Amino acid sequence: MTQTPILDVKALRVEFPGRHGTVTALADVSFSIQPGEILGVVGESGAGKSMAGLAVQGLLEPPGRVSGGEVRLDGRRIDTLTDGEMEKVRGKEIGAIFQDPLTSLNPLFSVGQQLVETIRLHLGLDRKTARARAIALLTEVGIPAPDVRVDHYPHQFSGGMRQRVVIALALAARPKLIIADEPTTALDVSIQAQITALLRKLCDDHGTAVMLVTHDMGVIAETADRVAVMYAGRLVEVGPVAEVIANPQHPYTAGLMGSIPALGARVPMLTQIDGSMPRLDAIPAGCAFNPRCPKVMDRCRVERPELMPSGSGQSACWLKAMETTP
Amino acid sequence: MLVFIIKRLLNAVMVMLVVAFLAFLIFRVAGDPVELMVNEMSTQDDRDRLRESLGLNDSFITQYVRFVVNAAQGNFGISFRNGQEVLGLIAERFPATMELVLVATILSLLIGVPLGVLTAIHRGRWHSETLQFLSIVGVSLPSFVVGILLILVFSVTLGIMPAFGRGEVVQLGWWSTGLLTHSGRIALVLPAISLSLYQITLIMRLVRAEMMEVMRSDFIKFARARGVPRWRIQFRHALKNCLMPVITMTAMNVGALIAFALITETVFQWPGMGMLFIQAVTFIDIPVMSAYLCIISFIFVVLNTIVDITYALIDPRLRNATR
């Protein structure tokens, strides 16, 4: 990896100061994404995966704030920028795709108006050129009859078509990075496949880096190059998708894989991970996963493991540390 | 869109027919019009002749239809009190009230909407909380108290504003306007403020509540993720989504303002329809009252229809929904 990564996050920490003390939502999160690469970020609800995406975009809801670490976009530090400076980064250098295409478009403006607005804000084109570009974008994301559809309002599109419009909006200024937060969760399965294929294609065509946040391992398996698994606000495993699926390093990842039904495989019973993820204000000492871990050791209850090389990726587990350093 | 408009118009006509029926009923229940019109000296013959000429011997339905047909042509009969055409009487007073109400409405929108946006986006800061508190005072003060206080301060103590009347007016056809003369404009200031104060606070609180709701929605967050500047999100994306209830309330309230104007007109001796109506009530001048009822309802219905059509203009979802 000699290139500068598009996104380089180091030891990111997000805190929510509250009446009963400060809650740490993200701690020590480090990952990077190369040009043209799709990094899948998985985890249960509340593991902090969406939070990581919002923190990168500077869109945390106050009082939440980035309290440590650094975020670099193409080598340039962006976590220290003011909100006004971030407005020029968001949409222009980082495109966003949200979960629910039904609610992420303003119902009172036509998709063309919203596209033209974004294009003109970031590229400073005149109205006519911007409109031509809007139509080109709609064509690119596979919307039929784009020159007619450009003047339609969001409610005149189906869910899948709306998500395509959202993707067109994310692409409007040819960003280096797209952060897609559960882009397929609100769609039905056949549309899901189309949308992930579209993302994959755009990524390959333009060398865009994608941070794909989802709880759906199936989507990750089909789309992503590498995967980062999150648990209780920390990364527990990072590695190439095929490796992580075939040979999970962390017991939590192994548990996640065991809970996915495989088509055609005869599995009498899916395994499940007992218990639930701890609340962020009550994370146990040592490894956060230790109360649910089937392979827990004494050391796990006292000392917190950091991400360390393991298999062909990294994992945060003492078990692997013992194997690699005998 | 056309079908939608036609539907709304038919609706409006139905409402007007019902209102006209009520206005017509006033004639029937408020005693015998013949008794009210004749003097003690008239004979039974005079009364019968009057009854016949007024068409009171016709059937109920015939009389109602005649009333509606006349009213639709602007003929509301003759005032019992001074024998003038009712329509003429009202036409004479109408511009005064409308100018007052329009100026008060524009004032309340121009002040209320920005204040609402401001208090919503600066929620929790001292100036926003102060405005919020003052708005409660504004909502709870009755308009005649406000009017009297304004007169006391600006007319009596400071002596810079006229205490009553409309100042000089200019005739533009049948419309008399006070907006073109200096004294007319000065005279309008205090009544318009006292009439709009309540509206300002109402609109401000409505816009604030709507803005806070809309600012939480996904498409606002997505607009931020697209890099739309904050002010543009607030005043373009969010405000437009707040406008629907504001338009409804403003239009409904133009009607309410005409009603409130009754009080303001009395306090400021403003020669409008409210004053005319109060005089009509004291003299049991039924034609004037029923004409007032019809005209006020007509204004309400027209406003309602305009509001419905404006909805469709603002919200594209309604344009197709009505097909």
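Predicted model: local features only at pLDDT ≥ 70, side-chain atom pairs only at ≥ 80, totals over all residues.
**Where the chains meet**

Let us begin with the interface. On the chain B side, 22 residues are in contact with chain A, and 31 residues of chain A take part in return. The size of an interface is often given as the accessible area lost when the parts come together. Here the area buried between the two chains is about 2500 Å², with carbon and sulfur atoms giving 56% of that figure. Within chain B, the residues that lose the most area to chain A are Lys221(B), Phe222(B) and Arg226(B), which together make up 28% of what that side buries.

Across the whole interface, 6 salt bridges are found. As for polar contacts, the count between chain B and chain A is 15 residue pairs.

Which elements of chain B give two or more residues to the side that touches chain A? They are helix H9 (218-225), helix H10 (230-268) and helix H13 (316-321). By residue type, the side of chain B that touches chain A looks like this:

| Residue type | Number of residues |
|---|---|
| Nonpolar | 7 residues |
| Polar | 4 residues |

**A bent helix in chain B**

Next, have a look at helix H8 of chain B, residues 182-215. A straight helix of 34 residues would span 50 Å, yet the end C-alpha atoms of H8(B) span only 43 Å. Where does H8(B) bend? The bend is at Ser196(B), by about 40°.

**Two loops in chain A**

Most residues other than glycine have a negative phi, and most peptide bonds are trans. The peptide bond from Pro62(A) to Pro63(A) is cis, with omega near 10°; Pro63(A) sits in the loop between helix H1 (49-57) and strand E4 (65-73). Ala145(A), although not a glycine, has a positive phi of about 50°, and this residue lies in the loop between helix H4 (127-140) and helix H5 (146-149) of chain A.

Methods. Residues numbered from 1 in each chain as written. Chains lettered and ligands numbered in written order. Heavy atoms only, no water. Contact = heavy atoms within 4.5 Å. Buried area = accessible area lost by both parts, 1.4 Å probe. Salt bridge = Lys/Arg side-chain N within 4 Å of Asp/Glu carboxyl O. Polar contact = N/O pair within 3.5 Å; in protein donor to acceptor, adjacent residues only side chain to side chain. Helix = DSSP H or I, 4+ residues; strand = E, 2+ residues; numbered from the N terminus. Nonpolar A, V, L, I, M, F, W, Y, C, P; charged D, E, K, R; others polar. Expected span 1.5 Å × (residues − 1). Bend = angle between axes of the 7 residues up to and from the residue.
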